[in-house]
Amino acid sequence: MFFTFHTVRGKFPFGDYISYTNLTFTLKEVKHLWRHSGCMKKYGRHLVMRIDDFQKPSATNVLCSNWKDWEEPIIWFQGTTDAVGAQFFLKNIHPDMRSAASTLFGQPERIHSRPNVFGELMRVLISPSKDVEEAVNWVIGGSEDPDITLHMRMLMNRSVRAVQAALNCTKKAIDHLKQGPRRRVVLVSDTPSVINSIQTSLSAFAEVLHFDYKLFKGNLSAAELKGLHNLEFRVKDWGPAPRWVAFVDFFLASRAKWAVISGAHRRVGTTYVQLIAALAATRGVEEDFPTGSSFSFLSSFQSNLLTEGLGNQVGWGHVWNRFAGPLSCHNQSNQCASTPLLPPSWWDGIWQSPIQRDIRRLEAYGIQLSGFGTFDENHLCSFCNSRKTVVFTVPIISK
């Protein structure tokens with residue numbers, strides 16, 4: 001297996017900020033290798049890409065087809081913008097597909113003992129570009145890597161409850177570490193006012209690291225002055241900082257040795273912090289770092305988010321979505337909850353139950369979910385047998 005990336009004007013995606021391993025290929029490189037090896041002339045093999053669009057239930061074959069029988073050399077599983085889409089193979093009607101998916105993703109009901117699939121993929125495939133690495137090292141200042149990362153997803157809100165709950169969760173994480181020097185905590189947020197308000201309180205029990213792009217004078221900031229990175233859209237969603245700052249924050253936050261903590265005004269454990277935690281957890285495979293089995297991904301919930309259980313955690317790819325249904329406990333106090341590195345895509349674990357929106361969404365895929373997250377496999381098989389198999393291919397080299 002190899003990984004291909006679509007390039008724009010000869011560059012990999014986000015190529016100014018991310019470096020890619022030599023295990024990856026551009027489609028241009030694949031075409032060259034295909035011709036160089038004589039795949040067409042010697043073996044009569046056309047270079048064809050099959051596209052399966054996950055976001056189109058009437059067209060996708062994620063549950064109904066045996067992909068191991070497909071003959072196309074390149075498959076683009078389109079529309080899987082989070083950790084959920086690929087895990088649909090766990091419920092594919094073909095036993096060998098389910099077996100392969102279980103080998104990759106583990107058993108879905110074993111929430112906290114599943115492999116860190118996307119973290120390990122990122123560790124192998126990507127690293128910060130030289131300019132981003134320069135900014136990360138500027139923050140760390142030649143000292144040891146941070147112990148903990150605290151990510152606050154506030155959407156320009158100044159919730160005092162969210163900040164206090166996150167501070168308590170961070171303090172609890174530090175208390176669980178062995179006695180040692182003053183712990184270093186990376187602070188990341190989309191909302192500048194939260195950085196200012198939380199930094200003072202956090203400094204009472206930890207050394208705070210934060211990337212202030214306005215003070216940084218490296219290559220990335222020079223490009224900013226030239227107007228190369230200014231984007232004004234989605235400021236409320238992503239914050240007012242230039243987009244390149246998110247890459248610096250990402251690679252800085254993923255240097256945490258012991259824990260990543262997710263706090264939020266509304267939705268906790270969004271895709272961005274999931275990926276930070278997943279990448280940080282892989283550092284345990286490196287000999288000099290103590291993470292791995294001892295690493296923690298924690299979600300900080302303030303009590304007002306739990307009034308109706310986890311009903312606010314409704315984002316399709318969010319890590320707590322599968323716990324947002326009627327089985328979630330109401331009126332809980334603040335929580336500092338252990339969080340799986342691989343977000344669940346099904347409702348097989350204890351206390352998991354679907355929200356009505358997801359029940360309706362799964363119907364289009366042939367899944368009739370009950371209120372407890374179970375479904376009739378025979379109905380799915382009948383659905384698959386009655387539907388027309390959609391095959392969409394694009395020739396890359398045909399002659």
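A: The protein chain exposes about 20,400 Å², and carbon and sulfur atoms supply 53% of this area. Accessible areas come from the Shrake-Rupley method with a 1.4 Å probe, and for residues only the protein chains shown count as cover. The model is a predicted one, in which local features need pLDDT of at least 70 and side-chain atom pairs count only at pLDDT 80 or more, whereas totals for chains, interfaces and linings use all residues. Residues are numbered from 1 along each chain as its sequence is written, and side-chain values use heavy atoms, with hydrogens and water left out.

Of the 399 residues of the protein chain, 49% count as buried, a label that requires under 20% relative accessible area; exposed means over 50%, and partly exposed lies in between (1.4 Å probe, protein chains only). Along the principal axes, the C-alpha atoms fill a box of roughly 65 × 50 × 40 Å. The secondary structure consists of 13 helices and 13 strands, defined as DSSP runs numbered from the N terminus (helices H or I, at least four residues; strands E, at least two). Among contacts with a separation of 6 or more, 70% join residues 24 or more positions apart, contact meaning heavy atoms within 4.5 Å.

Asn116 counts as buried because its relative accessibility is 14%. The side chain of Asn116 reaches the backbone nitrogen of Gly119 at 3.3 Å. A polar contact is a pair of N or O atoms within 3.5 Å; within protein, one must be able to donate a hydrogen and the other to accept it, and residues adjacent in sequence count only if both atoms are side-chain atoms. Not counting residues up to four places away in sequence, Asn116 touches Ala278, Ala281, Thr282 and Leu341.

Another loop position is Pro340, between strand S12 (335-338) and helix H12 (356-363). Pro340 counts as buried, because its relative accessibility is 3%. Leaving aside neighbours within four places in sequence, Pro340 is in contact with Ile111, His112, Phe297 and Val319. The C-alpha atoms of Pro340 and His32 are separated by 41 Å.

Glu71, in the loop between strand S4 (47-53) and strand S5 (74-78), is exposed because its relative accessible area is 68%. Leu155 lies in the loop between strand S7 (148-153) and helix H6 (160-175), and has a positive phi of about 50° although it is not a glycine. Met156 has its place in the loop between S7 and H6, with phi near 65°. Leu155 counts as partly exposed at 31% relative accessibility, and Met156 is partly exposed with a relative accessible area of 37%.

Among the helices, H10 (residues 243-253) has 10 of its 11 residues buried, so it is largely enclosed by the rest of the structure. The buried residues of H10 include Trp244, Phe247, Phe250 and Phe251.
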